[in-house]
Every structure is written in structure tokens, then in C-alpha cells.
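Work through each task with the model in view before turning to its solution.

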Amino acid sequence: MYHKIADKKGTDTASFEIKSLIGELDFVSKQLYQMPDVKKLMLEMAELYLNDESMKKTMDARYGEGAAEYIGEAVKEFYK
């Protein structure tokens with residue numbers, strides 16, 4: 001999922017396309033973590049993507065430069 005989202009970097013995070021991808025991530029996360037609601041978890045992860053330098057470096061190394069910030073912003077936009 002992260003690759004799909006990162007590949008769309010530059011697309012407005014409020015767009016239907018990006019919100020649909022984050023919706024898929026929400027669904028997958030619910031299944032993976034066996035939680036009925038992952039909003040709190042996802043928003044906490046978004047804050048790490050945006051503010052934790054180690055997490056940014058890891059995400060950007062794996063998904064491309066700027067991916068951490070883009071994914072963090074997209075997650076925040078989805079849950080607002």
C-alpha cells in the first residue's frame with residue numbers, strides 16, 4: 001500500500017484517488033492489527049512520518065524521497 005501511495009506523490013492528498021488509497025490502507029490495517037478502529041494508530045504513525053527524523057529517513061529510503069511527508073499528510077487528510 002505504501003508504494004501505491006508514494007507513487008502518487010504530488011497528487012492532492014484531498015483527492016478521491018488518494019483518499020481511496022488511504023481507505024484501503026485503513027482496511028488492511030484493521031485486518032493486520034485485528035482492530036475495529038485504527039484511526040488513532042494511523043494518526044500517531046502519520047505524526048511519526050512527519051516529525052521523527054529516523055522514521056522519515058527509513059520511509060524515504062524505502063518508498064522514495066518525500067514519501068514519509070506525503071503519506072503522513074495523506075493519512076491526516078483522510079481522518080480529518
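**Exercise 1.** Decide whether Tyr49 counts as buried or exposed.

*Solution.* Begin with the cut-offs: buried means under 20% relative accessible area, exposed over 50%, and partly exposed in between, with a 1.4 Å probe and protein chains only. Tyr49 has 4% relative accessibility, so Tyr49 counts as buried. Before going further, note that this is a predicted model, in which local features need pLDDT of at least 70 and side-chain atom pairs count only at pLDDT 80 or more, while totals for chains, interfaces and linings use all residues. Residues are numbered from 1 along each chain as its sequence is written, and side-chain values use heavy atoms, with hydrogens and water left out.

**Exercise 2.** Work out which type of aromatic pair Tyr2 forms with Tyr63, and where in the chain the two partners lie.

*Solution.* Rings of Phe, Tyr and Trp (its six-membered ring) pair if their centres lie within 6.5 Å, and planes under 30 degrees apart count as stacked, over 60 as edge-to-face and the rest as tilted. For Tyr2 and Tyr63 the distance is 5.6 Å centre to centre and the angle between the planes is 40 degrees, which makes the pair tilted. Finally, Tyr63 counts as buried, because its relative accessibility is 18%.

**Exercise 3.** State how many aromatic pairs the rule gives, and describe the one between Tyr2 and Tyr49.

*Solution.* The count comes to three aromatic pairs. In the pair of Tyr2 and Tyr49, the ring centres are 6.1 Å apart and the planes stand at 90 degrees, so this pair is edge-to-face. Tyr2 lies in helix H1 (residues 2–6) and Tyr49 in helix H3 (residues 39–51), 47 residues apart.

**Exercise 4.** Describe the secondary structure of the chain and say what share of its residues is buried.

*Solution.* The chain has five helices and zero strands, which gives the pattern α-α-α-α-α along the sequence. Its C-alpha atoms fill a box of roughly 30 × 25 × 20 Å, taken along the principal axes. Of the 80 residues, 34% are buried.

Key
Helices (H or I, at least four residues) and strands (E, at least two) are DSSP runs, numbered from the N terminus.
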